[in-house]
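Colleague: Please take a close look at the aromatic rings here, with the charges and the chain around them.

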Amino acid sequence: MKDDILLTPGPTPLPPQVREALGQPIMHHRTKPFRALFQKTLQGMRTAFQTAQPVFCLTGSGTGAMETAVVNLLSPGDEAVVVLGGKFAERWQELCQAYGVTVATVPVAYGDAVDPRQVAQALKSHPKAKAVFTTLLETSTGVVNDIQAIAALTRNSPAVLVVDAISGLLSEPCQTDAWGVDMVVTGSQKGLMLPPGLAFLSAGPRVWPLIEASKSPRYYYDLRLYKKALADDDTPFTAGVSLVMALDAALQLILKEGVPQMIQRCERMAKATRAAMQALGLELFAKRPGNGVTAVKVPDGVDGKKLTALMYERSRVMIAGGQGQMAGKIFRFAHMGFISPQDILVGLDALEQALAELGRPVQAGAARKAAEAVLARGSGLGAGGNCPAPTALSPEPFSGRR
Ligand SMILES: *Cc1c(COP(=O)(O)O)cnc(C)c1O
């Protein structure tokens with residue numbers, strides 16, 4: 001059976017080294033070798049998070065880390081500012097509400113990025129707010145927010161800043177310490193090139209008084225337990241041993257390619273994808289598009305759900321449609337993690353074919369040509385990803401990708 005070509009913003013394709021690590025014999029988590037491995041991977045995660053502060057590893061999907069942030073930082077009746085603008089931004093609001101936190105929302109239209117001045121205004125109108133929750137890359141709309149500007153505001157306010165970088169980490173710049181972000185959360189199945197199952201969160205010095213004071217119900221995700229265990233390079237509950245072993249393999253690739261280089265690769269793929277959409281006469285959805293995912297409006301007269309289904313049926317290329325109220329109205333191409341420029345080109349071919357089949361005239365090869373022109377400005381098309389690199393197009397492989 002042919003492998004699926006995943007161009008989705010999670011799960012993303014797994015590098016062979018990660019797949020190999022997942023097939024290794026299990027080790028026991030309360031052993032010296034595991035503790036050494038755990039310590040090493042968390043050190044690597046600090047580089048990925050661009051922080052010198054501790055990074056915690058949880059077993060769960062990314063939302064588990066989001067819930068961890070809410071229950072540890074806030075008590076029922078506390079006030080928090082939540083920046084809206086997409087399905088994942090709304091998750092912060094839902095989580096806060098689930099735990100009885102009073103939410104002041106900063107409204108942002110789907111497709112827009114937040115204007116940092118709106119956050120300043122919200123902090124002024126809600127001086128008792130203990131936290132601001134926002135999203136680096138809003139995966140549902142393809143928008144990247146200006147976290148640096150938001151952090152410049154929260155740094156001098158009593159509120160801590162919590163950023164969902166579940167899809168943004170390793171595709172968008174995320175300078176946790178340099179920008180002054182108090183807590184960053186991520187998950188394993190996006191830029192980290194792992195299966196789903198691990199979640200991570202960084203904790204700066206300003207969060208600990210809140211964590212100590214929180215009266216929210218918490219047990220599995222009580223960060224005080226994780227902090228205590230971390231002193232011994234340990235976890236309070238059974239660690240996701242095989243996933244941690246795979247994380248070690250993924251981090252070796254990430255550190256070899258380099259965090260800034262990995263982000264640049266995503267940026268180049270995003271630019272190539274945007275150029276291809278323009279060549280097809282399609283309109284982008286995000287007004288401030290990120291590097292990790294490109295959201296495109298489904299053209300009039302085309303059924304968006306049929307489009308993504310047809311791409312899969314004909315070419316085994318899996319892209320993402322729209323979520324919630326955006327279902328059928330947009331489609332999304334991811335360019336993060338192990339997705340390679342070559343994969344993007346294969347995806348664009350599949351898109352052209354499906355559009356043509358659904359009655360939208362396209363100039364065959366136009367998308368690929370526009371994308372290749374952008375990619376040619378960077379280094380080679382590279383190996384790895386879902387698809388083997390075509391030899392004619394591959395002058396040099398990406399470092400860290402074999
Ligand atoms: C994927 C994603 C999530 C949800 O993560 P899960 O691992 O599915 O829990 C949250 N926020 C953003 C921005 C995401 O991209």
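Modeller: A charge sits over a ring if NZ of Lys or CZ of Arg is within 6 Å of the ring centre and within 35 degrees of the ring normal. Lys-190 lies over the face of Phe-88 in this way, 5.5 Å from the ring centre. Trp-208 has the charged end of Lys-227 over its ring, at 4.4 Å from the centre.

The model is predicted, so local features need pLDDT of at least 70 and side-chain atom pairs pLDDT 80 or more, while totals for chains, interfaces and linings use all residues. Residues are numbered from 1 along each chain, and side-chain values use heavy atoms, without hydrogens or water.

Ring against ring, there are eight aromatic pairs (Phe, Tyr or six-membered Trp rings with centres within 6.5 Å; planes under 30 degrees apart are stacked, over 60 edge-to-face, the rest tilted). Tyr-226 and Phe-237 form an edge-to-face pair, because their planes stand at 65° with the ring centres 6.3 Å apart. This pair links distant parts of the chain, eleven residues apart: Tyr-226 belongs to helix H9, and Phe-237 to the loop between H9 and helix H10 (241–257) (helices are DSSP H or I runs of at least four residues, numbered from the N terminus). Tyr-226 is buried at 5% relative accessibility, whereas Phe-237, at 22%, is partly exposed (buried is under 20%, exposed over 50%, partly exposed in between, with a 1.4 Å probe and protein chains only). Both rings belong to a cluster in which ring pairs also link Tyr-219, Tyr-220 and Tyr-221.

The loop between helix H8 (208–213) and helix H9 (223–230) also holds Ser-216, which is buried at 5% relative accessible area.

Notes
Helix = DSSP H or I, 4+ residues; strand = E, 2+ residues; numbered from the N terminus.
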